[in-house]
Amino acid sequence: MNDAMGRNIIIFGPPGAGKGTQSDALKRNFDVFHLSTGDILREAVAAGSETGKLARQYTESGRLVPDDVVVRIVAEKINTIPPATGILFDGFPRTLPQAESLDRAMNAAGRRIERVVSLAVDDERIIQRLEGRRTCPDCKRIYHLKANPPRRDGACDDCGAPLAQRDDDKREVIEQRLKTYHAQTRPVLDYYRERGLLGEVNGDQEPEKVSREILSLFR
């Protein structure tokens with residue numbers, strides 16, 4: 001890779017695998033723009049661009065934004081990022097057509113994906129992590145019934161508000177999210193594995209150890 005070009009990385013992992021934590025670690029070690037499709041979709045809609053207006057039609061009706069619209073918005077964003085700054089794609093692409101479209105968009109921008117990091121965590125461990133999570137609806141502090149419980153059962157340490165379990169942290173919802181993730185993502189991982197770009201890391205370890213193993217993929 002040209003030294004003037006930033007490192008372009010994709011990080012994958014099921015919900016609750018620790019992508020947010022490891023994305024922060026990657027940002028501390030590399031000059032990368034953290035590209036979250038949710039953030040740039042909202043940005044495009046707020047800016048009122050032509051593609052943003054198209055996306056708004058879906059988001060306002062509660063429908064999923066189609067692949068071609070998401071990829072167009074991602075491609076537009078890629079073109080605004082200086083070449084010397086890399087891009088960290090967090091959980092995108094989610095489908096094989098998105099992966100193929102991303103390759104075309106990156107090639108058009110004179111970039112390429114250098115490394116794809118996949119955090120592997122057993123489904124039952126994911127369920128344990130997410131099912132035990134509780135959130136304060138007022139100050140937004142997050143707890144875990146086993147790993148980080150509140151001092152007083154069911155109440156926030158900071159403001160005393162009753163803690164709540166998010167709907168998407170309920171077991172039946174987590175199981176469905178995992179089923180969807182595996183069905184959509186396995187072909188994407190195979191796509192990058194065939195190109196020699198995939199690095200798989202055990203995500204069921206202390207975050208610092210996971211970070212060290214991820215960084216070792218770039219040596």
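Here is a walk through this structure, from its nonpolar cores to its aromatic pairs and one of its pockets. Keep in mind that the model is predicted.

Let's start on the inside. In soluble globular proteins, nonpolar side chains tend to be buried together. Here the largest nonpolar core has 32 residues, and the members that touch the most others are Val-74, Phe-89, Leu-102 and Tyr-192. Several elements give two or more residues to this core: strand 1 (8–12), helix 2 (37–47), helix 4 (67–78), strand 3 (86–90), helix 5 (96–108) and helix 7. Helix 4 is the biggest giver, with 6 residues.

Setting aside neighbours within four places in sequence, Leu-102 is in contact with Ile-10, Val-74, Ile-78, Phe-89, Phe-92, Pro-93, Ile-113 and Tyr-192.

Ser-23 counts as buried because its relative accessibility is 0%.

Now for the rings. The structure holds 3 aromatic pairs. In one of them, Phe-30 and Phe-218, the ring centres are 4.9 Å apart and the planes meet at 55°, so the pair is tilted. This pair ties together distant parts of the chain: Phe-30 is in the loop between helix 1 and strand 2 (32–35), while Phe-218 is in the segment after helix 8 (207–216), 188 residues apart. Phe-30 has 15% relative accessibility, so it counts as buried, and Phe-218 is buried too, with a relative accessible area of 11%.

Another tilted pair is made by Phe-89 and Phe-92, at 6.4 Å centre to centre and with 35° between the planes. Phe-89 counts as buried at 0% relative accessibility, and Phe-92 does as well, at 1%.

Finally, look for an opening. The second largest pocket has a volume of about 170 Å³. Its lining is made of 13 residues, and the closest to the pocket's centre are Ser-118, Tyr-181, His-182, Leu-189 and Glu-200. Two elements give two or more residues to this lining, strand 4 (115–120) and helix 7 (171–194). Helix 7 gives the most, with 7 residues. Sorted by class, the lining has 6 nonpolar, 3 polar and 4 charged residues.

Note on methods
Residues numbered from 1 in each chain as written. Predicted model: local features only at pLDDT ≥ 70, side-chain atom pairs only at ≥ 80, totals over all residues. Heavy atoms only, no water. 1 Å grid on protein atoms, 1.4 Å probe; cavity = no way out; pocket = protein on both sides within 12 Å on 5 of 7 lines; lining within 4 Å. Points joined across faces, edges and corners; volume = space filled by probe spheres on them. Helix = DSSP H or I, 4+ residues; strand = E, 2+ residues; numbered from the N terminus. Nonpolar A, V, L, I, M, F, W, Y, C, P; charged D, E, K, R; others polar. Core = buried A, V, L, I, M, F, W, Y, C linked by side-chain atoms within 4.5 Å. Buried < 20%, exposed > 50% of the residue type's maximum accessible area, 1.4 Å probe, protein only. Contact = heavy atoms within 4.5 Å. Phe/Tyr/Trp six-rings, centres within 6.5 Å; stacked < 30°, edge-to-face > 60°.
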